[in-house]
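Subject: Structure handover and side-chain findings

Hello,

My notes on it come after.

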Amino acid sequence: MFRFLPTAGVWLLSFSALAQAPAPPPARPARVAAPPVTGRITDAATGEALPGATIVFPDLRQATAAGPDGTFRFSSLPRGRFLMQVRFIGYTPVVRTVDTGAGLALDVALTAADTEIGQVIVTGVSASTEMRRSPIPTSVVDQTRLRQTAATNAVDALAHLPGLNQITTGAAISKPVIRGLGANRVITLNNGAKQEGQQWGDEHGIEIDEFSIDRAEVIKGPGSLLYGSDGLAGVINFLPAEPVEEGRVLGAVAATYQTNNYQQGYSVWNAGNLNGLNWQVRGSGKVAADYRNRYDDRVYNSGFRELDGSGYVGLNKSWGYSHLTFNSFNQILGLIEGEREAATGRFLRINGLGEPEVVMDRGFSGYDLDVPRQQINHLRLGTDNNFILGQHRVTLNVGWQQNLRREFGNPLDYYEKSLFFQLRTVDYALRWFLPEKNGWNTTVGLSGMQQQNQNKGVEFLIPAYRLLDGGLFGVTKKSFGKLDLSGGLRVDARRITADALFLNADEQPVPAGLGEQKFGGFQSTFRNVSGSVGGAYSLSEKWLLKANLARGFRAPNIAELGSNGIHEGTTRYEIGEPDLKAETSFQADGGVSFTSDHISFQADVFRNRISNYIFPRRLAAVDGTDSLSAEGDRVFRYGQGDARLAGGEVSLDLHPHPLDWLHFENSFSMVRALQFDQPSGQRYLPFTPADRFQSELRVNFRKAGRSRLHNLYARATLEHNFAQNRIFSAFDTETPTSGYTLFNAGIGTDVVSAKDRTLFSLYLAANNLFDVAYQNHLSRLKYTAVNEATGRPGVFNMGRTLSVKLLVPLSFK
């Protein structure tokens with residue numbers, strides 16, 4: 001089907017030869033299980049056992065916990081060399097490569113600290129790799145930090161990572177931005193599987209349950225070669241809880257509440273592992289009313305409701321594992337228009353008679369949603385497989401996804417679907433991990449998807465289309481003493497076929513020639529190559545240097561190629577360009593880190609040159625003024641140019657020894673994003689995040705004396721967002737944003753029984769403690785209507801909110 005396939009096949013064979021990997025041996029029976037893998041986890045300073053420490057083999061999806069005496073046991077691991085990680089709250093994680101067939105006891109001593117230098121990552125490279133050994137810039141948010149964070153959605157929980165921001169449209173809608181690039185330049189993964197919703201739009205969020213996230217990994221830049229086109233900015237992988245140990249059946253109940261918008265959240269989780277039968281299941285729900293801030297008071301129609309389910313069931317055996325997975329995300333939310341009465345500044349709504357009326361107090365009293373509103377339903381069914389075949393390992397992931405996006409915008413008909421997209425996707429990924437040869441660890445594979453989108457509403461923004469996508473890749477890595485090298489190549493092809501659409505005078509679809517053409521049919525094909533090479537060099541146990549070069553590729557999306565309609569999220573009429581070329585980027589990354597008993601320091605810089613960068617241009621009328629659509633909206637057509645983004649992140653953590661319970665963490669991040677050969681007002685890329693400084697003072701106590709409070713923490717945080725005046729000011733696309741400073745605080749603990757069993761965990765947090773009225777530069781609500789009573793444009797972000805989170809673990813077996 002794709003003409004490049006034979007060439008790519010030759011390339012892959014050459015790549016394997018360069019990596020010194022042999023051809024597959026003749027068929028042989030799968031290896032029998034390794035002898036039991038046992039060991040003991042202790043405190044490096046005191047020698048005391050660390051009961052409850054987590055021991056996990058990420059590539060095998062097997063985990064266990066240390067017993068009361070610190071010992072652990074795996075009885076059904078396959079033979080081979082696999083990465084093992086040991087974690088315990090308040091200690092630095094330890095990573096080892098373990099030969100599971102050696103039959104030797106593993107004694108691991110953990111050092112009391114809070115640095116994450118040894119954190120395992122599972123994306124961006126061929127197999128699980130220590131973060132310090134990967135040259136690709138990566139950040140990890142673990143379970144502890146996620147539990148301590150008060151958030152309104154999944155992206156909001158990560159948005160304070162240096163280099164990561166979010167485009168928001170109220171409390172429920174957040175889209176990630178990595179180093180200044182967002183939309184479908186960021187690949188979102190749900191447990192390693194590509195999430196395929198309507199990524200091209202900023203006016204809806206990602207379809208992942210916040211409660212289901214146990215850990216999140218963020219890859220910055222196009223260094224990940226496993227997931228194909230669209231990863232120009234990077235990859236975010238949301239990971240669920242690890243499998244529980246053999247013979248256990250566990251559960252948990254979680255509840256949250258936030259005062260500002262009366263947000264309630266509930267989640268129930270159950271997981272077990274009986275004779276290799278492994279399962280997890282989670283059900284979650286949220287409901288939120290209108291949020292408030294000091295300037296706008298209650299923001300009309302800003303509430304949302306959410307109901308989600310996820311889980312898997314399958315077998316974990318000595319031959320590997322095979323799981324059936326499901327994820328269901330269902331959300332309905334109000335869309336904020338911001339229209340207000342000129343005299344009083346009160347919000348307006350359109351009633352059932354089509355007339356504007358002032359929203360009175362009763363309009364904010366409950367969780368009901370008005371028009372306009374949006375409904376998102378996302379369902380994914382899949383299979384996740386990992387087979388151990390002698391010295392080889394093969395993984396296969398196949399999934400079916402359906403994304404339904406409805407927008408209701410007719411006040412005279414509450415249930416009329418103005419926009420209705422039905423997107424169906426079949427995605428696949430096959431990876432073959434070759435046996436280690438002369439220290440080289442090589443993986444080859446293929447991945448892609450088949451996609452179809454249909455319009456089922458009464459309004460039309462993008463054409464119905466079909467997409468076919470596929471790619472072949474190879475990655476390899478090797479350690480040369482203190483130097484760890486890794487790299488790879490990928491070949492991709494994508495074909496998009498859009499259907500023509502004709503409408504009659506009543507805006508109803510008709511056969512060709514019987515009405516006015518809304519969309520012209522077209523077919524676009526894109527082929528390109530991505531690559532990455534880099535190294536991490538340990539100058540000493542304390543100093544680490546990293547460098548990476550990466551070439552990225554992104555095919556234009558359907559909105560950029562075929563739009564012809566009013567895009568409510570951008571408040572303009574947009575026209576696509578079927579002749580757009582693919583974006584390509586060349587990014588250079590460099591980093592240095594230092595870790596000691598008293599201080600941790602890390603600095604990462606990048607420079608990203610993008611050719612054929614796609615952005616919308618205004619169409620001018622004959623007299624030079626704005627060209628307007630029939631409805632009075634300004635008209636924009638997608639075009640291309642060249643761009644450069646540069647910047648970086650710096651972090652400093654002071655933890656003076658022996659005061660290991662005290663941490664003073666600071667970070668600064670910045671991005672400079674320019675378009676070449678553009679006139680004044682169009683020089684800067686739109687929606688580039690402002691510079692940001694964050695500082696947090698935190699104390700952690702593993703045990704509070706002889707009380708039953710374990711893992712007690714308290715934190716105070718300052719976040720300063722600098723003024724952003726480097727904007728795309730032409731055509732009123734962007735306006736400058738003032739700087740602002742927010743103060744946050746939090747406290748929490750685990751409450752344990754007399755036998756040190758956790759009874760429940762309690763987390764309290766206060767965000768925007770001093771109720772500052774502010775607008776983030778990446779908030780879409782900045783561009784809603786001006787409040788004529790105050791002269792302030794747009795709607796402001798959420799004011800002070802207090803939150804409480806309760807987690808109750810359960811043990812059934």
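This is a predicted model: local features need pLDDT of at least 70, side-chain atom pairs count only at pLDDT 80 or more; totals for chains, interfaces and linings use all residues.

Salt bridges

The count comes to 31 salt bridges. One of them joins the side chains of Arg 87 and Glu 242, with 3.1 Å from N to O. This pair links distant parts of the chain, 155 residues apart: Arg 87 belongs to strand S5 (residues 81-87), while Glu 242 sits in the loop between strand S16 (234-239) and strand S17 (248-258).

Another salt bridge is formed by Glu 210 and Lys 286, whose closest N and O atoms are 2.5 Å apart. Buried means under 20% relative accessible area. Glu 210 has 17%, so Glu 210 is buried. Lys 286 has 7% relative accessibility and therefore counts as buried.

Arg 405 and Glu 407 form a salt bridge as well, their closest N and O atoms being 2.8 Å apart. Both Arg 405 and Glu 407 are buried. There is also a network: salt bridges that share partners join Arg 87, Arg 215, Glu 217 and Glu 242.

Lys 194 is in strand S14 (residues 193-194). Leaving out residues up to four places away in sequence, Lys 194 touches several others, among them Tyr 227, Asp 230, Arg 380 and Arg 494.

Aromatic rings

The structure holds 15 aromatic pairs. In one of these pairs, Tyr 713 and Tyr 763 are tilted, at 6.3 Å centre to centre and with 35 degrees between the planes. Tyr 713 lies in strand S44 (residues 709-721) and Tyr 763 in strand S46 (residues 758-767), so the pair ties together parts that are 50 residues apart in sequence. Tyr 713 counts as buried at 1% relative accessibility, and Tyr 763 counts as buried at 10%.

Phe 57, Phe 72 and Phe 74 form one aromatic cluster. Two arginines lie over ring faces. Arg 373 is over the face of Phe 408, at 4.2 Å from the ring centre. Arg 792 is over the face of Tyr 295, at 3.6 Å from the ring centre.

A loop residue

Ala 159 is placed in the loop between helix H2 (143-148) and strand S11 (164-168). Is Ala 159 buried or exposed? Ala 159 has a relative accessible area of 4%, and therefore is buried. Apart from neighbours within four places in sequence, Ala 159 is in contact with Leu 164, Asn 165, Gln 166 and Arg 692. From Ala 159 to Ser 174 the separation is 15 residues in sequence and 9.3 Å in space, C-alpha to C-alpha.

Regards

Notes: Residues are numbered from 1 along each chain as its sequence is written. Side-chain values use heavy atoms; hydrogens and water are left out. Rings of Phe, Tyr and Trp (its six-membered ring) pair if their centres lie within 6.5 Å; planes under 30 degrees apart count as stacked, over 60 as edge-to-face and the rest as tilted. Helices (H or I, at least four residues) and strands (E, at least two) are DSSP runs, numbered from the N terminus. Buried means under 20% relative accessible area, exposed over 50%, partly exposed in between (1.4 Å probe, protein chains only). A charge sits over a ring if NZ of Lys or CZ of Arg is within 6 Å of the ring centre and within 35 degrees of the ring normal. Contact means heavy atoms within 4.5 Å. A salt bridge is a side-chain nitrogen of Lys or Arg within 4 Å of a carboxyl oxygen of Asp or Glu.
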